[in-house]
Number of protein chains: 2
Amino acid sequence: MAAELTDPTGLTALPLIERHRETLDKGLAAIRTREYWSPYPEHPKAYGDGETGKAAFDALLHSRFDLDQPGTDGWTGGEVSPYGIELGVEYPHPDADVLLPAMRAALPAWRDAGPETRAAVSLEILSRINARTNEFAHAVMHTSGQAFMMAFQAGGPHAQDRGLEAIAYAYAEQTRTPERAEWVKPQGKRDPLSLRKDFKAVPRGIALVIGCNTFPTWNGYPGFFASLATGNPVLVKPHPRAVLPLALTVKVAREVLAEADFDPNLVALAAEQPGEGLAKTLAVRPEIRVIDYTGSTAFGDWLEANARQAQVFTEKAGVNTVIIDSTDDYSGLLSNLAFSLSLYSGQMCTTPQNLLIPRDGIDTDAGHKMYDEVVADLAAAVGGLLGDDARANALLGALVNPDVKSRLEAAPSVGEVALASRAVPNPEFPDAVVRTPVIVKLDGAKPDDEAAYMTECFGPVSFAVAVDSPEAAVELLRRTVREKGAMTVGAYTTSPEVERLIEEACWDESAQLSLNLTGGVYVNQTAAFSDFHGSGGNPAANAALCDGAFVANRFRVIEVRRPSGTAS
Amino acid sequence: MAAELTDPTGLTALPLIERHRETLDKGLAAIRTREYWSPYPEHPKAYGDGETGKAAFDALLHSRFDLDQPGTDGWTGGEVSPYGIELGVEYPHPDADVLLPAMRAALPAWRDAGPETRAAVSLEILSRINARTNEFAHAVMHTSGQAFMMAFQAGGPHAQDRGLEAIAYAYAEQTRTPERAEWVKPQGKRDPLSLRKDFKAVPRGIALVIGCNTFPTWNGYPGFFASLATGNPVLVKPHPRAVLPLALTVKVAREVLAEADFDPNLVALAAEQPGEGLAKTLAVRPEIRVIDYTGSTAFGDWLEANARQAQVFTEKAGVNTVIIDSTDDYSGLLSNLAFSLSLYSGQMCTTPQNLLIPRDGIDTDAGHKMYDEVVADLAAAVGGLLGDDARANALLGALVNPDVKSRLEAAPSVGEVALASRAVPNPEFPDAVVRTPVIVKLDGAKPDDEAAYMTECFGPVSFAVAVDSPEAAVELLRRTVREKGAMTVGAYTTSPEVERLIEEACWDESAQLSLNLTGGVYVNQTAAFSDFHGSGGNPAANAALCDGAFVANRFRVIEVRRPSGTAS
């Protein structure tokens with residue numbers, strides 16, 4: 001099959017590229033127009049009855065997840081679902097001195113296959129992952145604590161979309177330069193100078209993807225597919241609490257690569273022993289030339305400072321702000337924000353934390369509302385949204401780890417509680433820790449309160465910060481983004497002047513802004529092919545998902561020039 | 001004029017963009033096809049009789065070069081031409097605490113003007129620089145030591161080409177994302193979700209260009225125009241021995257910006273006091289978010305490690321190799337290499353240093369030639385090329401500084417001299433230090449010789465290194481590129497097997513390869529729009545001139561999304 005796949009003319013009808021060229025072209029069009037598009041349905045009914053996927057997931061539990069990788073020096077595991085189930089899956093632990101050379105040996109054939117073949121193989125991997133979306137949904141649910149529907153959508157089709165988006169950007173970037181050019185420079189009356197120039201996209205080396213606990217696939221796929229599609233072998237080091245979704249990904253990738261007659265060692269898993277700190281060891285290996293990381297600011301900063309041999313792409317922590325200045329749809333504002341604060345118990349890097357509200361209140365279509373009223377109404381909206389336990393469970397999911405629970409429990413100590421958190425019983429999973437969000441009132445003019453609202457408090461905690469004026473809100477927004485970073489900024493205003501101030505602040509500080517969301521789109525959600533996730537221009541992340549900069553430095557273009565007419 | 005220039009519809013006929021849109025479009029086409037193209041003639045006759053330019057240059061000497069910049073706290077200068085002339089020009093010395101805020105204040109209007117207006121203004125700057133090419137030629141000659149014709153071409157139209165290339169890449173990258181998108185997501189039987197999304201390219205902040213002594217314009221223009229065209233104010237810190245060409249550039253840019261009703265402080269000069277180390281101070285200022293640097297590896301590495309608040313693009317030192325395996329045009333090989341070694345006294349970052357020749361010799365169209373014969377024939381070719389003093393002066397130029405002279409004088413101590421350097425008298429400039437290249441024989445199998453050939457010896461010094469076989473040559477090439485970096489690799493071979501080995505080495509180590517050059521194209525020359533200068537993938541440089549990666553991270557795309565149909 002490889003002989004067909006690597007056909008240098010690119011004209012022969014090829015099985016894989018035939019199957020995926022239209023999808024690739026639609027993806028390329030979507031990243032240019034940024035209109036709505038997705039090849040992967042988000043409705044579960046598109047994926048059958050779900051029983052097969054559930055059974056496939058169950059069959060993985062309490063077993064050894066063999067990937068047939070070289071350099072396996074033992075087995076490791078120990079994932080416990082936030083819903084209380086012990087997964088009992090054991091993964092290969094790598095001997096990097098064996099595994100990395102095996103991966104490096106796989107590189108030349110993958111490099112020489114060219115961008116189109118790499119895109120086709122990558123799309124086939126995504127396609128097979130998509131077909132197993134139900135299985136992945138359970139794996140994501142029982143590692144991240146997301147509720148099933150969110151695990152299904154965000155961990156399934158939405159993650160696949162982000163992977164496809166990265167493949168499209170990688171393909172576009174690599175094919176900006178032609179494979180060959182004839183260069184003829186006139187020399188007046190003398191013969192022209194002429195050269196044949198061949199250009200090849202060559203990868204940096206081995207890429208390392210360091211996964212996170214909350215969105216193993218959604219945050220992992222952009223880097224994974226961007227690196228693979230640009231020719232780099234990819235080593236995946238999952239978060240120790242969220243190995244299974246990425247182990248499944250690696251397994252599918254290895255199967256597809258082998259079927260396409262490439263070395264399956266182009267993709268491998270690096271599961272770690274408890275407390276091993278494997279990411280830190282791998283990240284500074286000379287073979288590792290690209291790193292994608294999602295997680296804490298401390299380790300992201302460490303990677304940027306220390307993994308100097310690699311291109312490092314990080315998504316770290318931030319403090320997300322929503323400015324509430326005025327609205328012509330007060331009930332829409334309340335319901336939209338209540339949903340944003342509740343979804344996955346606020347455990348999204350995009351969840352708003354600081355709600356800045358003028359202490360004199362805001363103008364709304366329901367009359368002027370003082371700061372206290374706005375906060376009380378928002379608390380009531382959250383309470384109403386989550387009043388029914390079944391609905392609360394479906395929205396909140398479970399707290400991903402004990403640190404989130406600790407932060408939630410500490411939140412009432414920093415200010416007046418406007419909405420207390422409550423424990424929601426989960427009849428199906430009695431050990432799941434399910435909690436509604438807490439809203440704490442703080443005063444932006446009190447220096448003592450600043451320590452709280454200027455620190456990321458990851459989880460279902462938000463601060464209703466009273467500010468002196470819209471201008472003061474914008475100034476605090478600027479300072480927060482500059483000093484702490486932000487993945488998202490939201491704002492509600494009917495004032496063109498205030499809107500302009502907020503836009504200027506976001507342009508100056510490189511933050512992505514959602515204005516006046518009152519319907520079914522939320523500040524903490526972004527759509528692949530259309531929305532940029534993060535900006536790469538403030539401390540929350542050094543890259544955006546996904547743009548040219550996210551792919552352009554994962555490979556280099558190497559030129560061979562020779563006199564025209566000579567043999568290659 | 002600004003009102004016209006910033007016309008948001010982009011439909012009105014605008015003076016500047018009318019003047020330059022065709023040039024921009026041709027540049028955009030050229031970077032896609034990589035065929036020959038240049039808008040700037042390289043023949044002096046296209047620029048008049050030269051007297052006006054010479055007079056303009058003379059008028060600059062022994063005077064104060066006023067730029068009317070804010071934050072000038074004194075005057076500094078002291079350039080002495082490598083041809084022996086004291087330039088006597090004084091430049092403003094900056095008070096960064098005043099100048100940088102003034103530059104930052106100029107940013108929003110430039111950002112808001114958009115990519116097309118920025119491209120048009122940047123092209124106007126280049127166009128006015130082009131019109132003064134004769135004046136720039138003298139300024140480059142008397143700071144770099146290049147001979148006049150080279151200063152004219154490389155410092156004039158070829159540098160301008162590289163600037164235009166960067167503008168084209170910047171424009172293409174910023175316009176990959178549309179200014180606006182309507183996003184409509186179907187929701188089955190319910191109303192679709194719809195959002196209006198506005199995208200804006202926002203600059204990183206202030207960009208710093210740190211110029212070099214040998215190619216102040218050619219190496220300075222890519223970063224200068226890439227940053228300016230992506231919306232960043234640009235502060236130019238020239239090499240203290242090569243201020244004038246970049247001061248002229250800054251002056252032209254400020255004039256054009258002011259005429260287009262932009263703040264001229266978008267571009268400023270930072271000339272330093274002797275021994276001040278101003279680059280080091282400026283590079284870590286928080287306002288500086290992009291840095292372009294050409295120069296020593298030591299300072300380039302320091303910038304990459306310490307200027308962490310900035311995107312850092314470096315071109316550092318390398319050790320360039322030519323493998324001589326076999327040829328079907330022995331005399332072409334000799335004359336081509338002789339020229340490459342002689343041009344600008346080997347003071348190009350692209351000049352070959354190590355010539356790897358099998359000790360058993362090479363097959364040629366003139367019979368088999370043993371190592372000693374090849375070296376002797378090459379020495380004779382260089383000697384012949386430079387036998388005439390007038391021609392030697394026109395090719396060699398002057399040694400740029402005493403360090404180069406010291407290295408040249410030390411070279412004979414490391415091995416057997418195959419070609420001795422000779423001093424060439426320059427009747428017009430008796431104080432110019434003009435020297436022909438030295439060729440020293442070394443043995444690749446002798447560990448003692450390695451210290452010499454594995455170190456960059458910048459200047460007219462090359463090493464003819466005897467190797468055991470073509471395979472040994474390729475292995476040494478690989479190691480040299482990996483450990484020391486390389487801007488160029490050259491090779492002569494008629495063997496497809498050896499050619500393939502060399503290509504593989506260049507793909508693996510990210511080095512740009514020129515094969516079998518025997519005519520009028522030389523390994524040390526690259527053409528804008530077609531050839532990549534450096535690869536960005538080996539230690540000689542972390543960026544290539546010019547590609548998507550060179551521009552994509554100089555700006556970020558900020559999105560503002562709001563419900564469709566609402567006011568902006």
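Which domains does the domain assignment give for chain A? Here are some points to follow as you look around this predicted model.

1. Let's start with that question. The assignment for chain A lists domain 1, made of 51–179 + 204–316 + 544–556, and domain 2, covering 321–515. Taken over C-alpha atoms, the centres of domain 1 of chain A and domain 2 of chain A are separated by 32 Å. The two do touch: 14 residues of domain 1 of chain A are in contact with 17 residues of domain 2 of chain A. On the domain 1 side of that contact in chain A, there are five nonpolar, six polar and three charged residues.

2. Next, look at a pair of helices in chain A. Helix H3 (residues 51–60) and helix H7 (residues 133–144) of chain A pack with their axes 7 Å apart and at an angle of about 50°. H3(A) and H7(A) are therefore oblique to each other, and H3(A) passes H7(A) in a right-handed crossing.

3. Now for the meeting of the chains. Here 55 residues of chain B are in contact with 55 residues of chain A. On the chain B side, the elements that each supply at least two residues include helix H2 (15–33), helix H20 (496–509) and strand E17 (555–563). E17(B) gives the largest share of that side, eight residues. Sorted by class, the side of chain B that touches chain A holds 22 nonpolar, 15 polar and 18 charged residues.

4. Within chain B, E4(B) and E17(B) pair in the antiparallel sense over nine bridges. Arg196(B) has Arg562(B) in E17(B) as its bridge partner.

5. Strand E17 (residues 555–563) of chain A runs parallel to E16(B), and two bridges join them. Val560(A) has Leu513(B) as its bridge partner in E16(B).

6. Finally, some backbone details to check. The peptide bond from Leu545(A) to Cys546(A) is cis, with omega near 0°, and Cys546(A) sits in the loop between strand E16 (513–515) and helix H21 (548–552) of chain A. In chain B, the bond from Leu545(B) to Cys546(B) is cis, with omega near -5°; Cys546(B) lies in the loop between E16 and H21 of chain B. Asp68(A) has a positive phi of about 55° although it is not a glycine, and its place is the loop between H3 and strand E1 (72–77) of chain A.

Conventions: Residues are numbered from 1 along each chain as its sequence is written. Chains are lettered from A and ligands numbered from 1 in the order in which they are written. This is a predicted model: local features need pLDDT of at least 70, side-chain atom pairs count only at pLDDT 80 or more; totals for chains, interfaces and linings use all residues. Two residues are in contact if their C-beta atoms, placed from the backbone, lie within 7 Å. Helices (H or I, at least four residues) and strands (E, at least two) are DSSP runs, numbered from the N terminus. Ala, Val, Leu, Ile, Met, Phe, Trp, Tyr, Cys and Pro count as nonpolar, Asp, Glu, Lys and Arg as charged, and the others, Gly among them, as polar. Two strands pair if DSSP finds at least two bridges between them. Domain bounds come from an automatic or database domain assignment. Axes are lines fitted to C-alpha atoms, for helices over the stretch in contact, and angles run from 0 to 180 degrees between N-to-C directions. Angles under 35 degrees count as roughly parallel, over 145 as roughly antiparallel, 65 to 115 as roughly perpendicular and the rest as oblique. A crossing is left-handed if the near helix is turned anticlockwise from the far one by less than a right angle, and right-handed if clockwise.
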